[in-house]
Amino acid sequence: MSPIVRWILAIVIALVLIFVIVGIGSFGVLAMAFGSDSCSEIGGGASNTLLFGSPIVMILGVIVSAILFGLNKRWQFWVGSLAVGGALGICGYVSWFMYISQLCG
């Protein structure tokens, strides 16, 4: 694969994944909006950090992965950075739900 095709593919896949992550993040904001009706603790510092930090970490993983793919690094590096970003983002969302269930439960 030529370098220009590799970079174009990396950018297209990164943009698609970022749009997916933003879509998932918007559902998190909707969950916060619906949950705030019955719990006044939602919207505090830790709650917002977990809710908005999770997609940011996932997007950083996608960007690093796209750069490593474009630079033609070994597949373990770019797949690993994608997996680590995704795992940390999912852990952030799970932590947010656990945190909110403890506050409002």
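Start by selecting Phe 97: it counts as partly exposed because its relative accessible area is 49%, and partly exposed covers the range between buried (under 20%) and exposed (over 50%), worked out with a 1.4 Å probe on protein chains only. Before you click on, note that this is a predicted model, where local features need pLDDT of at least 70, side-chain atom pairs count only at pLDDT 80 or more, and totals for chains, interfaces and linings use all residues. Residues are numbered from 1 along each chain as its sequence is written, and side-chain values use heavy atoms, with hydrogens and water left out.

Trp 96 and Phe 97 make an edge-to-face aromatic pair, 4.8 Å centre to centre with 75 degrees between the planes. To pair, rings of Phe, Tyr and Trp (its six-membered ring) need centres within 6.5 Å; planes under 30 degrees apart are stacked, over 60 edge-to-face, and the rest tilted.

How many aromatic pairs does this rule give? The count is 2. For the other, pick Phe 69 and Trp 78, which are also edge-to-face, at 5.0 Å centre to centre and 75 degrees between the planes. Phe 69 is buried at 13% relative accessibility, while Trp 78 is partly exposed at 24%.

Zoom out and colour by secondary structure. You'll find 3 helices and 0 strands, in the order α-α-α along the sequence. Helices here are DSSP runs of H or I with at least four residues, strands are E runs of at least two, and both are numbered from the N terminus.

Next, the middle of things. Select Ala 10, Ala 14, Ile 18, Ile 21, Leu 51, Met 58, Val 62, Ala 66, Phe 69, Tyr 93, Trp 96 and Ile 100: these 12 residues are the largest nonpolar core. Such a core is a set of buried Ala, Val, Leu, Ile, Met, Phe, Trp, Tyr and Cys residues joined through side-chain atoms within 4.5 Å. Helices α1, α2 (45–70) and α3 (75–104) each supply at least two of its residues, and α2 gives the largest share, 5 residues. In soluble globular proteins, nonpolar side chains tend to be buried together.

Stay on Ala 66. Leaving aside neighbours within four places in sequence, Ala 66 is in contact (heavy atoms within 4.5 Å) with Trp 7, Ala 10 and Ala 14. Then click Ser 65, also in α2. Is Ser 65 buried or exposed? Ser 65 is buried, at 6% relative accessible area. Setting aside residues up to four places away in sequence, Ser 65 touches Trp 78, Ser 81 and Leu 82.

Hop over to Tyr 99 in helix α3. Tyr 99 is partly exposed, at 31% relative accessibility. Draw a distance from Tyr 99 to Ala 46: the two C-alpha atoms are 8.7 Å apart, although 53 residues separate them along the chain. With residues up to four places away not counted, Tyr 99 touches Ala 46, Ser 47 and Leu 50.

Select Val 16 in helix α1 (residues 3–35), which is partly exposed at 48%. Val 16 belongs to a nonpolar surface patch that also includes Met 1, Ile 4 and Ile 24.

Terms used
Patch = residues over 30% accessible without salt bridge, like charges linked within 9 Å, V, L, I, M, F, W, Y side chains within 5 Å. Areas by Shrake-Rupley, 256 points an atom, 1.4 Å probe, with all protein chains shown as cover. Salt bridge = Lys/Arg side-chain N within 4 Å of Asp/Glu carboxyl O.
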